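Dear colleague,

My notes on what was found in it follow directly below.

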Amino acid sequence: MTAKAASLGVASNRSAWAKVNLTLHVTGQRSDGYHLLDSLVVRAGVGDQIAVTPSDQLELFIDGPYGSAAPNDDRNLVVRAARLLDAGAGRGARLHLTKNLPAAAGIGGGSADAAATLHLLSAHWGLPVPDDIARLGADVPVCLSDIPQRMQGIGEVLTPAPKLPPCWLVLINPNKSAATPEVFSRLEARANAPMPKELPEFTSATAFAAWLATQRNDLEAPAVQVVPEVATCLQSLQDALLARMSGSGATCFGLYETQAFAQRAAARVADKHPGWWVVAAPVLG
Ligand SMILES: C[C@](O)(CO)[C@H](O)COP(=O)(O)OP(=O)(O)OC[C@H]1O[C@@H](n2ccc(N)nc2=O)[C@H](O)[C@@H]1O
Ligand SMILES: Nc1ncnc2c1ncn2[C@@H]1O[C@H](COP(=O)(O)OP(=O)(O)OP(=O)(O)O)[C@@H](O)[C@H]1O
């Protein structure tokens with residue numbers, strides 16, 4: 001925001017796009033319990049919204065269809081991100097979070113909110129984003145980027161992925177939350193194969209999906225134990241080029257070649273499961 005906009009109380013805002021793990025290989029475990037990952041992460045064009053306006057104090061206002069699913073206090077990742085950036089100096093800002101994404105859903109809602117807050121407040125307060133943001137959550141570093149990334153380590157090692165062909169996702173969540181630690185704890189094997197050293201480049205969504213089908217989300221089987229509806233979600237996406245779970249679930253995605261195919265599939269799933277969260281959104285980047 002410019003100094004003039006700030007003095008006029010004009011909001012600057014940003015979308016906190018959903019994070020989708022197209023692959024998620026668990027390749028090991030550190031001595032502190034955190035798991036080593038190898039994941040192809042994309043952002044989907046659906047997200048929460050965050051706006052910042054000047055204020056003397058740090059304030060958070062939350063609304064939106066999933067507003068009640070996120071804590072409205074210091075535990076909120078938006079507030080935690082603001083405090084990390086502020087580093088105890090007591091700067092103020094009024095943050096308005098419109099929560100469109102289900103929480104604890106495997107699409108990094110809280111992490112995307114934290115990353116968007118870091119971008120907005122870094123401009124608002126004129127401060128650089130600090131290096132230690134992974135303290136906010138393993139998914140926060142990847143959520144600072146809107147382009148596809150290969151994510152390794154416990155989430156802090158990021159490499160831009162080769163350019164992906166245009167494609168669309170249908171995201172569905174049975175409105176059942178899956179706690180990430182519980183899903184990890186149910187893993188049967190922790191030292192699984194990574195993705196290939198070099199990620200191939202694809203010119204069509206069909207070829208991309210065929211390759212993705214040879215990769216995995218190792219958290220899918222443990223997540224089905226925690227939220228059995230994940231299996232029903234995957235079955236409902238059988239017309240997709242590929243159907244898989246994102247993150248630690250319970251959100252599943254179907255990959256489609258075109259907007260029209262994705263929107264038709266989303267309408268069909270929403271019609272059959274009126275209690276589910278169902279959206280069609282493009283893969284960004
Ligand atoms: C599963 C993923 O969604 C894949 O993108 C993320 O790795 C999870 O990221 P996140 O929710 O930001 O994770 P955090 O809030 O840092 O950690 C929540 C819990 O998940 C487990 N966790 C998380 C990340 C990781 N690499 N190994 C883990 O074992 C730990 O039990 C941790 O206590
Ligand atoms: N802004 C926020 N939005 C959603 N949840 C938040 C937020 N701030 C804190 N939380 C807390 O974080 C927990 C995890 O929510 P989040 O939506 O980030 O999970 P997730 O989608 O499973 O994340 P990931 O894919 O990174 O594992 C929730 O149970 C909630 O209590």
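This is a predicted model: local features need pLDDT of at least 70, side-chain atom pairs count only at pLDDT 80 or more; totals for chains, interfaces and linings use all residues.

Helix H3 makes the largest contribution to the shell around ligand 2, giving four residues. Residues are numbered from 1 along each chain as its sequence is written, and chains are lettered from A and ligands numbered from 1 in the order in which they are written.

The shell around ligand 2 holds 20 residues, of which Ala70, Gly109, Gly110, Asp139 and Gly247 are the closest; a residue is near a molecule or strand if its C-beta atom, placed from the backbone, lies within 6 Å of it. Two elements give two or more residues to this shell, namely helix H2 (77-86) and helix H3 (109-125). Sorted by class, the shell has eight nonpolar, nine polar and three charged residues, where Ala, Val, Leu, Ile, Met, Phe, Trp, Tyr, Cys and Pro count as nonpolar, Asp, Glu, Lys and Arg as charged, and the others, Gly among them, as polar.

**The annotated positions**

Which residues does the UniProt annotation "active site" cover? The record, an unreviewed entry, places it on Lys19 and Asp139; UniProt positions are given in the numbering used here, feature names are shortened, and annotations may be inferred rather than shown by experiment. Although these positions are spread over 121 residues of sequence, they cluster in space, with a largest C-alpha distance of 8.6 Å.

Lys19 is found in strand S1, and Lys19 counts as buried because 28 C-beta neighbours lie inside 10 Å. A residue is buried if 20 or more other C-beta atoms, placed from the backbone, lie within 10 Å of its own, exposed if 12 or fewer do, and partly exposed in between. Leaving aside neighbours within four places in sequence, Lys19 has contacts that include Arg43, Ser111, Asp139 and Cys143, a contact being a pair of residues whose C-beta atoms, placed from the backbone, lie within 7 Å. Asp139 sits in the loop between H3 and helix H4 (140-143), and Asp139 is likewise buried, with 26 other C-beta atoms within 10 Å. Not counting residues up to four places away in sequence, Asp139 touches Lys19, Gly108, Ser111 and Gly155.

**Strands and sheet**

S1, the strand that holds Lys19, pairs with S2 in the antiparallel sense over 16 bridges; two strands pair if DSSP finds at least two bridges between them. Ala16 stands opposite Asp48 in S2. The two strands, S1 and S2, form a hairpin with five residues between them, and Gly33 in the turn has a positive phi of about 100 degrees.

Elsewhere, four strands form an open sheet in the order S8-S9-S7-S10, with antiparallel pairing. Strand S8 (242-245) and strand S10 (277-282) each have a single partner strand and stand at the edges, so one side of each is left without a neighbour in the sheet. Within this sheet, six bridges join strand S7 (residues 168-173) to S10, and Val170 stands opposite Ala280 in S10.

**Backbone details worth a look**

A cis peptide bond, with omega of about 5 degrees, joins Gly249 and Ala250, and Ala250 is in the loop between S8 and S9. Ala87 has a positive phi near 50 degrees although this residue is not a glycine; Ala87 lies in the loop between H2 and strand S4 (93-98) and is exposed, with 10 other C-beta atoms within 10 Å. Ala104, also not a glycine, has a positive phi of about 50 degrees, but Ala104 is in the loop between S4 and H3 and counts as buried, with 20 C-beta neighbours inside 10 Å.

With best wishes

Notes
Two residues are in contact if their C-beta atoms, placed from the backbone, lie within 7 Å.
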